[in-house]
Amino acid sequence: MLFNHKPQVKEEKPKNQMTVADILAFRDTWTDIPYEGFSLKQVIHQHKLEKQRKAMVPKLKKSENGFRIRKPEELNDAEKNLRAIQSSLNKLTEQNFDTMVAEMCEYDRANGYHLIYDSVVVRGAVHIIFSKAVAEPVFSPLYARWCVSLSNYEKELYAQSLKEPNGELAKKVAICDEEAKRTGTDERMRLKVVNADSVRFAIIAKCQEFYSQFMQQSVPEDSDAAERLRKQNMSNIKFVGELYLNDLVSTSVITLICCGSVGIPTNGNAACRPVTDIDLELVISLLNVVGKRYEELCKSDDKQRVWSEIEKYAADEKVSKRIHYLLQNMIDWRKEGWKEKNTAPLASSSANTEPHHNRNNNNNNNYNHNNNNMQRNMQSSNSLQQLDGARGRFIEPRTINTEVNEELLGELSDEELKSFNLAQPPKSITPAIEDAIIRAAQAYTDGDDSLKATITQCFPDDDLVTACMATVYIIAKKIVKVSDEKLRATLTKCIFNTKIWDESHISRGYSWCLAEAITCNLREDYPHAYIRFAALVSKTRCLTLAQATRQVIIRTANYLEALLVPLEGDEGEWEEGFLDAWGEFLTAWTKNRPNEVKEEDLLDAIGSSRAKTIFKDVMPDFIDELMQSKIITNGVLKRWAKKNFDKKDKVQTLFDYLAEFNPDVIPQ
């Protein structure tokens, strides 16, 4: 046959296609009633009703005691007084303290003395003050002084009532006394009212109530709730300490708190509950505030019992490392005579970040209230840089003290110990040396040899290479911390222009700086730390992208590996910080030097690095950051893998990653 005839295949009719017969059968059905009882008017009416129902917004149900903003004329006298107190405390600062106290007293005199002789107002005022002190422990001294002013105002009114026995004040005192008798108030409270001591008693009772509830209740299962409760109690106990420094709390009360916290039986109670870390932290927080004055006023027997127990727990191995170091620091501080610590106060209301600058370096009755650094207009808890206006010098906030576990350090091998020592700047660096280096760097000009002379003088026992690396580390650390752009530019220019060091000195100094920033969680105090560091490295012209990645970034990861065990670091937290710094570095590089990216050189640097555990763990995210920044692509990886496949032993680190996470780019 000339042609291969294909059999005809019957086409199937689409399911949704109607035949002519179907159409003709359906043609005349549109006139039929859809269902029995159908009415077009009823359908339209139902549609309108449905539309109206949807358009109607249901009214909110109001409860009997629902919140609403009330007009001033709707408030009673007690509520007006409490609003005035809340407003005054919200605006209270060190500078306007006397003015706000005077306004408070003047307002109360003009409105019938409710602040002292209205039990509702007294309880409300004490609650407001206590809540502010617990929420903002850094301002406890200010709120304690407010309580002193309130107590003095009460005594002033009482003295005035005695001078005018038939006056309005005397009647207020009599009414208040009668109310205390009628309501069943205990005799102690009634006597406090009569003797003009009710405000002090109410404040102490509030602190005692909170403290007792904390000591008696069980620890919440929720860790966040437990931590929040712990912070509140530490704030409460610091407020008690400030009240003690202002003569509102007696020495016997402080002794009872200390004894109860360290497990010493009091008031004939022989049995005491087990002492926990929270109990020890409580007594630490209290004595850090009142230590010197308590030493001077406490009976020698009570004092000896308390400190004997504290020293016993400081030597107890069952106590956590953190509490152990806090106890030891306090014991050492006591041995030094409670000398004032040169620590700048933090603008933060976090209970566990308040500095322990010594508030108790005072005479017994001459408490210093002139702390000019106390700023009521609080900055963010992360914004911790302050300037001493009197001297015009920069004050750095507290830095985290990373303690080395000597026991774990002794278990390291010789190679691990060597890596640990290389991962840290010289131990000879002191704050005085840092200040001298920074001053010399600020004064540096091209051709000036004074910086080199300063380096030699500051590091007499170190060779010039180590001294140069340490100098770069000191300057880089200052650049990362300082907020003054002009000072940062001056210090950056010094690093870039000086002929004293080369790229190896710079890269090692940068690695020390970044490793310290990650281990100390520097970003918590300096939110822009990684951004400033990334900008500094990306502008360092002597380093290419490949060199900066290998000699600074990957070296930092290996430093973190060496520091992890001796510093008992949080590996997950360190890895997160490392990746954040890497991401900021890539962002800065693509912004400052977008045309200076050699993909293959960068991949060679990553592949040939001697990666340790931490870097291998973060490798997927590390490469992902590169791809998200569009510095490398899958195509670049494929070309690089094909080119280096025969010599992959030299770049094994990157090939190991590719084999596990991106095997498609490896030649088969």
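I began with D77, which is found in helix α3; helices (H or I, at least four residues) and strands (E, at least two) are DSSP runs, numbered from the N terminus. The model is a predicted one: local features need pLDDT of at least 70, side-chain atom pairs count only at pLDDT 80 or more, and totals for chains, interfaces and linings use all residues. Residues are numbered from 1 along each chain as its sequence is written, and side-chain values use heavy atoms, with hydrogens and water left out.

I looked up the accessibility of D77 and found 41% relative accessibility, which counts as partly exposed. The classes are buried (under 20% relative accessible area), exposed (over 50%) and partly exposed in between, with a 1.4 Å probe and protein chains only.

E79 is partly exposed, at a relative accessible area of 26%. With residues up to four places away in sequence not counted, E79 touches R70 and E74; contact means heavy atoms within 4.5 Å. I also noted a C-alpha separation of 9.1 Å between E79 and G124, which are 45 residues apart along the chain.

I checked the length of α4 (residues 97-110) against expectation. At 1.5 Å a residue its 14 residues should span 20 Å, and the end C-alpha atoms are 20 Å apart, which agrees. The expected span is 1.5 Å times one less than the number of residues.

Which residues of α4 are buried? I listed F97, M100, V101, M104, C105 and D108. Seen down the axis of α4, the buried residues fall within an arc of 130 degrees, so they line one face of the helix. The arc is that of the directions from the helix axis to the C-beta atoms. On the other side of α4, I found D98, E106 and A110 exposed. Just after α4, G112 has a positive phi of about 95 degrees.

I looked up the total, and the structure holds 14 salt bridges. The criterion is a side-chain nitrogen of Lys or Arg within 4 Å of a carboxyl oxygen of Asp or Glu. I went through three of them, each involving helix α13.

D247 pairs with R293, and their closest N and O atoms are 2.4 Å apart. This pair links distant parts of the chain, 46 residues apart: D247 is in the loop between α11 (223-245) and α12 (251-262), and R293 is in helix α13 (residues 277-297). I recorded D247 as partly exposed, with a relative accessible area of 45%, and R293 as buried, with 5%.

E281 and R322 form a salt bridge at 2.8 Å, N to O. E281 is in helix α13 and R322 in helix α15 (residues 321-335), 41 residues apart, and the pair links distant parts of the chain. E281 is buried at 8% relative accessible area, whereas R322 is partly exposed at 45%.

R334 bridges to E295, with the closest N and O atoms 2.8 Å apart. R334 lies in helix α15 and E295 in helix α13, so the pair ties together parts that are 39 residues apart in sequence. R334 counts as partly exposed at 25% relative accessibility; E295 counts as buried at 15%. I also traced one network, in which salt bridges that share partners join E227, R230, E281 and R322.

I placed S507 in helix α22, residues 503-519. Is S507 buried or exposed? At 1% relative accessibility, S507 counts as buried. The S507 side chain reaches the backbone oxygen of S504 at 3.1 Å. Leaving aside neighbours within four places in sequence, S507 is in contact with Q551, V552 and R555.

The secondary structure of the protein chain comes to 29 helices and two strands. The chain has 668 residues, of which 44% count as buried. Of its contacts with a separation of 6 or more, 74% come from residues 24 or more positions apart. The accessible surface of the protein chain is about 38300 Å², 50% of which belongs to carbon and sulfur atoms. Accessible areas come from the Shrake-Rupley method with a 1.4 Å probe; for residues, only the protein chains shown count as cover.

How values were computed: A polar contact is a pair of N or O atoms within 3.5 Å; within protein, one must be able to donate a hydrogen and the other to accept it, and residues adjacent in sequence count only if both atoms are side-chain atoms.
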